[in-house]
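Notebook open; I want to look up how the aromatic rings pair up and what the neighbouring helix does.

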Amino acid sequence: MPSMDEEREVLKTGVFLAVFSAALLVGVGLFWGFPWQVSLLFVVVSVAIAGLISGMTLAGVRSAARRKVLTHGALVTWAGRNEGRFGTAVAEFTGDAQGWEVAASPRFRGELLAVGRPQGVEVGVACSVEDVGEAGTAVTAVLWRQTHTTSATRDA
């Protein structure tokens with residue numbers, strides 16, 4: 001789930017938005033001489049909108065965290081079924097007991113990494129959650145290389 005810092009940041013931003021909009025509307029109401037009832041109505045509406053924006057942003061943060069957790073579980077399961085392993089940094093895959101020597105690749109990066117050997121083919125999977133505005137989205141790159149050579153022709 002999302003870290004407390006992310007949630008706290010969203011809530012602080014929402015409070016700031018509500019206070020700023022309320023102060024601005026009170027100032028405009030006093031400057032233009034609106035009745036206090038109209039100014040109060042505008043303040044209530046602006047605080048409600050700020051609360052709605054904060055709630056939607058918090059839902060997006062939680063959704064991105066949920067996707068990351070689900071991706072983590074899927075990669076751990078995949079690596080377990082394919083004689084592989086799971087990690088969160090490329091350094092975890094070099095020089096280990098299973099003989100993984102993951103070459104430096106700009107595609108094999110991210111927050112969640114896994115390698116495996118399904119059907120004799122060495123496969124690396126990299127997943128990261130990009131921060132795109134209010135919600136994150138999972139980006140996946142699949143890398144593969146064969147562990148044995150094959151002939152250029154196929155039997156018909």
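I began with F34, which is partly exposed at a relative accessible area of 35% (buried means under 20%, exposed over 50%, partly exposed in between, with a 1.4 Å probe and protein chains only). This is a predicted model, in which local features need pLDDT of at least 70 and side-chain atom pairs count only at pLDDT 80 or more, while totals for chains, interfaces and linings use all residues. Residues are numbered from 1 along each chain as its sequence is written, and side-chain values use heavy atoms, with hydrogens and water left out.

I then searched the whole structure for aromatic pairs and found three. The rings of W32 and F34 have centres 6.0 Å apart and planes at 70 degrees, so I logged the pair as edge-to-face (rings of Phe, Tyr and Trp, the last by its six-membered ring, pair if their centres lie within 6.5 Å; planes under 30 degrees apart are stacked, over 60 edge-to-face, the rest tilted). For F34 and F42 I noted centres 6.4 Å apart and planes at 65 degrees, so this pair is edge-to-face too. Ring pairs thus link W32, F34 and F42 into a cluster; W32 is exposed at 60% relative accessible area, and F42 is partly exposed at 39%.

Next I turned to helix α1, residues 4-32 (helices are DSSP runs of H or I with at least four residues, numbered from the N terminus). I listed its buried residues as E7, V10, G14, A18, S21, A22 and G29, and they pack against α2 (36-81), contact being heavy atoms within 4.5 Å. After α1 comes G33, with a positive phi near 75 degrees.

Note on methods: Helix = DSSP H or I, 4+ residues; strand = E, 2+ residues; numbered from the N terminus. Expected span 1.5 Å × (residues − 1).
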